[in-house]
Amino acid sequence: MKRRILFVDDEPNILKGLQRSLRPLRKYWDMTFEEGGKNALKVLEKGAFDVIVSDMRMPDMDGPSLLKIVHDKYPTMVRIILSGHSDREMIMKTVKSAHQYLSKPCEKKVLVTAITRSCSLRDLLNQKALQKLLGGIETMPSIPSLYGRIMKELKSKGASASSVGDIISKDMGMTAKVLQLVNSSFFGMPRHISNTGEAVVLLGIDVVKTLVLGIEVFSKFSKKTLSVISVEKVHDHCVRTGIIAQNIARVEKMDKEKADNAMIASILHDIGKLLLVEYYIDDYKDVIKIIQEKRIPLFEAEREIFGITHAETGAYILGLWGLPENIVEGIAFHHNPSKNIGRELELCGLVHVAELMEHHEQSQPGTWSKLNALDNEYVERLGLQDKIPLWRDYIQRK
Ligand SMILES: [Fe+2]
Ligand SMILES: [Fe+2]
């Protein structure tokens, strides 16, 4: 079925330009071009759309206000904002209501890729099985409180490494856990880190806040789930996967932001398991039984029982908590990155390879020549065959 896409801008010339350059996509997309937010809302009332791409500054109704209404009225639509460079402050206002931000002028290829990728992520997360499963949960877990406070602080004007460190340090239990983790052999720190402010300076706010989120989520679920899976083992696996993913990103000379994002997505990549165990403990016992009987990977057994896996479940909840789209995508596709349309090594690919390397290192340290459960289609598409042994050598040397 064709995707229905609505483009909104106050300048008719921009709309005409878009219409001209996107004409070859008419086979796949049903496109509508509207002048201004009010007209866009009228069109939306007449029929459903999959995607809205809106300009930021428009006289009748600005992009953030339009996307806010779209978010409330049509929550499953993909919302993309196009903005000029001077709009940073306004971008912050839309943090909640846009899935993607693209800067103007936007190359056609970038725009097409952003729309296509967001649609495939939405398809994955809008699956009936997932909706049914999570719709059955009366109260969805809310965003953990300390993480929520850090996010609030980061949105305020005076936010800094030390103010974030301060918030964490007021919680003694969390401080102890963060410092224990940061000083563990996983991170290989050059010296002992003695306070959270220092951890924030060395690792960066984004990584530390993810560690906090990970610790909060994992500790919240620990009691009930202990009988079925070891929460501690899953957490360790996630953190170690994060470090491996970050190292791969470094070998590939990716920028710091991407390396950090690889770590962040990895630290959170398996939290869907906790959610499934927490709410569907008996069904999860069946998952474990099937794995032992049929000797299939965990995610395949989950699919047999639930119709979905912990990857989509985790991505869904993190999306609800407002984590960035690229992190959510990295988690959603971490077992089968070839299902994602990218042709570059993306977060889902980094998490995928890193988690398999981690599993392998834990079960047969230093012995592997081939990774089990590797998404071969992805490896071939990206030509990673020769790179994986190099990554392994680099990580083993560390
Ligand atoms: Fe997984
Ligand atoms: Fe994993």
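This is a predicted model: local features need pLDDT of at least 70, side-chain atom pairs count only at pLDDT 80 or more; totals for chains, interfaces and linings use all residues.
View 1. Domain 1 covers 3–126 and domain 2 covers 145–397, with bounds taken from an automatic or database domain assignment. Local features need pLDDT of at least 70 and side-chain atom pairs count only at pLDDT 80 or more, while totals for chains, interfaces and linings use all residues. Residues are numbered from 1 along each chain as its sequence is written, with chains lettered from A and ligands numbered from 1 in the order in which they are written.

**View 2. Where the domains touch.** Here 10 residues of domain 1 meet 11 residues of domain 2 (contact: C-beta atoms, placed from the backbone, within 7 Å). Helix α5 (residues 108–125) gives the most to the domain 1 side, with seven residues (helices are DSSP runs of H or I, at least four residues; strands are runs of E, at least two; both are numbered from the N terminus).

**View 3. The open sheet.** Five strands run in the order β2-β1-β3-β4-β5, with parallel pairing (a pair needs at least two DSSP bridges). At the edges sit β2 (29–35) and β5 (100–103), each pairing on one side only. Strand β4 (residues 78–83) and β5 share four bridges, and Ser-83 has Ser-103 of β5 as its bridge partner.

**View 4. Helices on the sheet.** Helix α1 (residues 12–22) packs against β1 (3–9) and β2, its direction making about 170° with that of β2. Helix α2 (residues 37–46) also touches β1 and β2, at about 140° to β2 (axes are lines fitted to C-alpha atoms, for helices over the stretch in contact; angles run from 0 to 180 degrees between N-to-C directions).

Technical notes. Two residues are in contact if their C-beta atoms, placed from the backbone, lie within 7 Å.
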